[in-house]
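Subject: Structure for you to look at, with notes

Dear colleague,

I am passing on the structure we spoke about, and I would be grateful if you could read it alongside the notes that follow.

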Amino acid sequence: MGAADVLIEGFRPGVMERLGLGPAPCLAHNPRLVYGRMTGWGQGGPLAHTAGHDLNYLALSGALHAIGRAEGGPVPPLNLVADFGGGAMLLAVGVLAALLHARQTGEGQVVDAAMTDGCALLQAMNLSFQAMGQWQDRRQSNLIDGAAPFYDTYACADDGHLAVAALEERFYRQFLERTDLAGEALLQPQHDRSLWPQQKQRIAAVLRTRSRDDWVRVFEGSDACVTPVLTLGEAPQHPHHRARGSFVEVDGRVQPGPAPRFSHTPTLGARPLPATHDGRAALAAWGWADEEIASWPRPARWPEARASTAQDTSRSVRAALIACTRPLTPSLE
């Protein structure tokens with residue numbers, strides 16, 4: 001623990017404290033430690049100890065209400081928004097900021113990353129629009145939620161789809177030119193909301209006349225802001241992704257490539273852990289002797305003891321690291 005820069009845990013509030021590995025003993029042992037905590041609801045508040053998943057955190061933040069079609073209910077956007085965007089990504093940002101602070105001041109701290117907080121933060125732009133009277137609190141009623149005919153997805157003749165995002169006037173003009181709609185009076189006033197439903201019907205009818213890939217060829221080389229909606233199987237084969245290495249293959253399995261890219265620091269693709277990996281190599285890397293590691297049993301569950309001294313903290317860390325070699329038990333959720 002004394003050599004660590006960062007500790008990250010994702011249990012419900014109080015679990016790490018019961019293990020004797022809460023922030024107090026860890027920071028007492030290593031004052032420079034950045035202690036990252038990832039939860040859905042946060043370390044405090046009425047729901048802090050309540051079970052939940054991405055969709056719950058997104059729903060309570062108000063963001064889920066805005067996602068979907070006007071005639072239907074809210075649509076789950078996979079688990080990209082709360083788990084990864086509002087959760088993991090913001091935890092990473094917070095940990096890195098705290099790490100810079102620790103290196104400048106010698107002071108570590110706790111980073112409390114709640115997924116529902118992150119979802120709320122991601123809505124800053126829409127909340128600003130709402131404050132300015134430019135956002136309606138109804139699905140598919142706004143510029144970027146599928147109400148505008150020039151910012152939506154459309155079905156093609158083969159039931160494939162196109163994503164149209166021609167927000168700016170010059171891009172919208174190119175879109176109309178490539179679809180042979182530039183001469184139609186109905187489509188000229190881009191931002192007349194009263195015409196949006198009719199404009200959308202007309203565009204939908206035209207895009208239904210060709211297959212998705214036919215339209216891709218029509219729009220190729222333009223700034224009309226039109227792209228195919230690719231499947232997960234198709235995406236890695238797209239020429240742009242292949243040129244950039246956006247996806248990589250490891251042991252015959254397709255995985256996302258490293259992102260973002262750095263100009264000086266090499267970014268290596270993911271490498272699978274060996275099938276025999278059980279965490280003991282990590283223990284050795286942290287300074288315990290092979291004989292000592294071999295003498296420790298693999299526990300059936302995490303230890304419950306509280307650490308009150310640096311020596312106790314070290315023992316708890318050792319026990320916790322050994323326990324990492326086993327699947328987590330439901331009692332720790």
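What share of the residues in the protein is buried? Buried residues make up 35% of the 333 residues, and please keep in mind throughout that this is a predicted model. The protein has 13 helices and eight strands, and among contacts between residues at least 6 apart in sequence, 61% join residues at least 24 apart.

Let me begin with the nonpolar cores. The largest of them holds 23 residues, and those with the most contacts inside it are Phe175, Leu207 and Trp215. The elements that contribute two or more residues to this core are β5 (161-165), α7 (169-178), α8 (196-207) and α9. Apart from it there is another core, of 17 residues, among them Leu64, Val95, Ala102 and Cys119. As background, nonpolar side chains in soluble globular proteins tend to be buried together. Leucine 207 illustrates the contacts in detail: leaving aside residues up to four places away in sequence, leucine 207 touches Tyr154, Ala155, Cys156, Ala157, Leu162, Val164, Phe175, Thr179 and Trp215.

The strands come next. An open sheet of three strands runs in the order β4-β5-β6, with antiparallel pairing. Because β4 (151-155) and β6 (226-228) stand at the edges with a single partner strand each, one side of each is left without a neighbour in the sheet. The twist from one strand to the next averages 20°. Between β5 and β6 the antiparallel pairing extends over three bridges, and leucine 162 stands opposite proline 228 in β6. Two helices lie across this sheet: α8 lies across β4 and β5, running at about 40° to β4, while α9 lies across β5 and β6, running at about 35° to β5.

A further antiparallel pair is made by strand β7 (residues 247-250) and strand β8 (residues 253-256), which are joined by four bridges; here the bridge partner of phenylalanine 247 is proline 256 in β8. This hairpin has two residues between the strands, and aspartate 251 takes a positive phi near 50° there. Aspartate 251 is exposed, with a relative accessible area of 61%.

Turning to the aromatic residues, a search of the whole structure finds five aromatic pairs. The rings of tryptophan 41 and tyrosine 57 have their centres 4.8 Å apart and their planes at 90°, so this pair is edge-to-face. Tryptophan 41 lies in the loop between β2 (34-39) and α3 (54-61), whereas tyrosine 57 lies in helix α3, so the pair ties together parts that are 16 residues apart in sequence. Tryptophan 41 counts as buried at 13% relative accessibility, and tyrosine 57 counts as buried at 7%. The rings of tryptophan 215 and phenylalanine 219, by contrast, have their centres 5.9 Å apart and their planes at 35°, so that pair is tilted. Both of these residues lie in helix α9 (residues 212-219), four residues apart, which is about one turn of the helix, and tryptophan 215 and phenylalanine 219 are both buried. The charged end of arginine 210 sits over the ring of tryptophan 215, 5.1 Å from its centre. Elsewhere, Phe150, Tyr172 and Trp196 form one aromatic cluster.

Leucine 143 is placed in the loop between α6 (124-131) and β4, and at 31% relative accessibility leucine 143 counts as partly exposed. Leucine 143 and histidine 191 are 48 residues apart in sequence and 9.2 Å apart in space, C-alpha to C-alpha.

The peptide bond from alanine 259 to proline 260 is cis, with omega near -5°, and proline 260 lies in the loop between β8 and α11 (280-285). Leucine 78, in the loop between α3 and α4 (80-105), has a phi near 55°, a positive value in a residue other than glycine, and at 64% relative accessibility leucine 78 counts as exposed.

With best wishes

Note on methods:
Residues numbered from 1 in each chain as written. Predicted model: local features only at pLDDT ≥ 70, side-chain atom pairs only at ≥ 80, totals over all residues. Heavy atoms only, no water. Phe/Tyr/Trp six-rings, centres within 6.5 Å; stacked < 30°, edge-to-face > 60°. Buried < 20%, exposed > 50% of the residue type's maximum accessible area, 1.4 Å probe, protein only. Lys NZ or Arg CZ within 6 Å of the ring centre and 35° of its normal. Core = buried A, V, L, I, M, F, W, Y, C linked by side-chain atoms within 4.5 Å. Contact = heavy atoms within 4.5 Å. Pairing = 2+ DSSP bridges. Axes fitted to C-alpha atoms, helices over the stretch in contact; angles between N-to-C directions.
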